[in-house]
Amino acid sequence: MPGGTRRGKKPRDYAVAGEWPYAVMDSVRQAQVGQALARALSEAMERRGLSANALATASGVNRQVISNILAGTVWPDMFTLASLEESLEEMLWPQHTKWPTGEDGARHQPIPAHRRGSEG
């Protein structure tokens, strides 16, 4: 299976401290991308005042799938992601190859201090 056994865990299961989707994550890049995608989706929906139901209607993506992405319980596929990006008219996929390298040698997406809660 692509990704080995890492796909057996949910993206949010790789959080080591803090609250999803603003948690400090393990160095598993795929989980970090999943978190960044969930955060981007949540923030885009908030900016546009869209509920999961409204976005589901606009995008053709099932409302429960949208909720699961936001909750970090699924690994979204490309068809779903492209449908959401098209409806929101913005990119959700993060520029993860440009993230800074952390002390653990892995790249991590910077999270603004005001979004880290008690962790930052």
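T80 lies in helix 4 of this predicted model, where helices (H or I, at least four residues) and strands (E, at least two) are DSSP runs numbered from the N terminus. With a relative accessible area of 11%, T80 is buried; buried means under 20% relative accessible area, exposed over 50% and partly exposed in between, with a 1.4 Å probe and protein chains only. Leaving aside residues up to four places away in sequence, T80 touches V61, V65 and I69, a contact being heavy atoms within 4.5 Å. Before going further, a word on conventions: the model is predicted, so local features need pLDDT of at least 70 and side-chain atom pairs count only at pLDDT 80 or more, while totals for chains, interfaces and linings use all residues. Residues are numbered from 1 along each chain as its sequence is written, and side-chain values use heavy atoms, with hydrogens and water left out.

I69 is found in helix 3 and counts as buried at 2% relative accessibility. Which residues does I69 touch, not counting those up to four places away in sequence? They are W20, L37, A38, L41, V74, P76, T80 and L84. For A38, the C-alpha atom is separated from that of I69 by 5.8 Å, although the two residues are 31 residues apart along the chain.

Helix 3 itself covers residues 63–71, and its N-terminal end is capped by N62, with a side-chain oxygen 2.6 Å from the backbone nitrogen of Q64. Just after helix 3, G72 takes a positive phi of about 75 degrees. Helix 3 also packs against helix 2 (residues 52–59) at an angle of about 120 degrees, with the axes 8 Å apart. Here, axes are lines fitted to C-alpha atoms, for helices over the stretch in contact, and angles run from 0 to 180 degrees between N-to-C directions. Helix 2 and helix 3 are therefore oblique to each other; angles under 35 degrees count as roughly parallel, over 145 as roughly antiparallel, 65 to 115 as roughly perpendicular and the rest as oblique. The crossing of helix 2 and helix 3 is right-handed, a crossing being left-handed if the near helix is turned anticlockwise from the far one by less than a right angle, and right-handed if clockwise. On the helix 2 side, A52, N53, L55, A56 and S59 meet R63, I66 and S67 of helix 3. By class, this contact has four nonpolar, three polar and one charged residues, where Ala, Val, Leu, Ile, Met, Phe, Trp, Tyr, Cys and Pro count as nonpolar, Asp, Glu, Lys and Arg as charged, and the others, Gly among them, as polar.

The packing of helix 1 (residues 29–48) with helix 4 (residues 78–88) has an angle of about 25 degrees and axes 11 Å apart. That makes helix 1 roughly parallel to helix 4. Their crossing is left-handed. L37, L41, A44 and R48 in helix 1 meet L81, L84 and L88 in helix 4, which gives six nonpolar, no polar and one charged residues. An α-helix has 3.6 residues a turn, so residues three or four places apart point the same way.

Also in helix 1 is G34, which counts as buried at 13% relative accessibility. P21 lies in the loop between strand 1 (15–17) and strand 2 (24–25), and the peptide bond from W20 to P21 is cis, with omega near 0 degrees. Most residues other than glycine have a negative phi, and most peptide bonds are trans.

The segment after helix 4 holds both E89 and H96. E89 has a positive phi of about 60 degrees although it is not a glycine. Are E89 and H96 buried or exposed? E89 is exposed, with a relative accessible area of 70%, whereas H96 is buried at 17%. The side chain of H96 makes a polar contact with that of R29 at 2.9 Å; such a contact is a pair of N or O atoms within 3.5 Å, and within protein one must be able to donate a hydrogen and the other to accept it, with residues adjacent in sequence counting only if both atoms are side-chain atoms. Apart from residues up to four places away in sequence, H96 touches R29, V33 and R107.

Taken overall, the protein has four helices and two strands, in the order β-β-α-α-α-α along the sequence. Buried residues make up 35% of its 120 residues.
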